[in-house]
Amino acid sequence: MGELSQIDPVISRLIRAELARERGVIDMVASENIAPLGVLEAQGSILSNKYADGYPGDRLFDGCDVVDEIETLAIDRAKDLFGAEHANVQPYSGANANAAVLFALANPGDTILGFDFAHGGHPSQHDATTFAGRFYTAVAYGVRREDGLIDFEQVEMLARAHRPKVIFAGGSCYPRRIDFGRFRQIADEVGAFLVADLAHIAGLVAAGIHPDPVPFAHVCTMTMHKTLGGARGGMILCLSELADQIDRAVFPGDQGGPLPHVIAAKAVTLLLAAGPEYRERMERTVRGAALIGGMLHRAADETHMPVLTGGTDVHLFALDTSPRKATVQQALTWLHHLGIMGDSVTIAYDPLAPPDCSGLRLGTALLATRGFQDEDFRELGEILISRLSDPRGSTLATLRERTMALCNRFPIYREFEV
């Protein structure tokens, strides 16, 4: 069959181009990370040849003895790492996981209560453009205008008024710790299931750096490739009493056969997350975000871009570009010229709509994986402040050199040739 460079030189060249791009940028996209070589090896393995519809010991296809062992191992590692009663490692993504949970716990037309995407949540919890909004009666809560923190009074009011079947806690751009205990109190009062969406904070939870939702949530959903830094895909944790419902909702309810190669890569991810070096990396991730977020917060008079909630407790923070009378796309362009990548998000009470909104989200998970230490995060904070304070200034070339020095200090995938 030959190597990729012989079979399809165009795709081979483009993959090498992507490697060169990743090596030459400071990637602060909060959803991205660097998958270890072992994860890449498993995810690109011959396991992709196997059909394995069903679950270990109960497959629709013959020849699943090996993939049964692999999936069982991944399940056991997930339960051990998070202290969960049951785990389903088959979801293709975090959104797939949320869809399956709703399929398991609610009926079409039932009311669900999710975290407003514009306030830091995720569309798969409520938005009219997703399954959540199309097949369920979706209601959304948000954050307080005065401090950007979750408005628990609003959560309580909406829960009492609408009596939802499911309440989601967790989102894609919330920079503070989440009080899962309070969410559970509200869920119990109205007879709802509490679903903790850990897509962004799963790695922090696994390392014991973020409050643990498992004792409070009926179900937890997550992705494996953000702060966990591993395989591309999703996962669900739940109480044992919900195990059959959740498993049936994933397969055959929400998706087709599992991806054994991806499940193997998830098993590797979970093994690494249980290792001794992992917590230190997560501590650097959070410390780096706090360092840069704090520097930008103190420099808001210079940048005219305040940091939402004044800082962060997690791996990401967000800036409001509107006081500078700039859109996030303009701010991203200013950073792009330095080789710094971020992403745009909607933010609470923003009159502008995507793509010309005002939320600039920046994260540190990938940089911590790359090896950044406190002094490197401080250097990056100084570069960001200089650029955002004077985007048309004469320091672009100098700042670009400083950015490239950081890139060169922490090369990635040295084993691969460009």
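Predicted model: local features only at pLDDT ≥ 70, side-chain atom pairs only at ≥ 80, totals over all residues.
Close-up 1. F61 counts as partly exposed, with a relative accessibility of 38%. A search of the whole structure finds eight aromatic pairs, and one of them is formed by Y51 and F61, whose rings are stacked with 5.1 Å from centre to centre and 20 degrees between the planes. This pair links distant parts of the chain, since Y51 belongs to the loop between α3 (37–43) and β2 (54–55) while F61 belongs to the loop between β3 (58–59) and α4 (65–82), the two residues being ten residues apart.

**Close-up 2. The edge-to-face pair of F115 and Y174.** The rings of F115 and Y174 form an aromatic pair of the edge-to-face kind, with a centre-to-centre distance of 5.8 Å and an angle of 70 degrees between the planes. Here too, distant parts of the chain are linked, for F115 is in strand β5 (residues 111–115) and Y174 is in the loop between β7 (166–169) and α8 (180–190), 59 residues apart. F115 is buried, with a relative accessible area of 0%, and Y174 also counts as buried, at 9% relative accessibility.

**Close-up 3. R145 and the ring of Y349.** In this view an arginine is shown with an aromatic ring: R145 lies over the face of Y349, at 4.0 Å from the ring centre.

Key. Residues numbered from 1 in each chain as written. Heavy atoms only, no water. Phe/Tyr/Trp six-rings, centres within 6.5 Å; stacked < 30°, edge-to-face > 60°. Helix = DSSP H or I, 4+ residues; strand = E, 2+ residues; numbered from the N terminus. Buried < 20%, exposed > 50% of the residue type's maximum accessible area, 1.4 Å probe, protein only. Lys NZ or Arg CZ within 6 Å of the ring centre and 35° of its normal.
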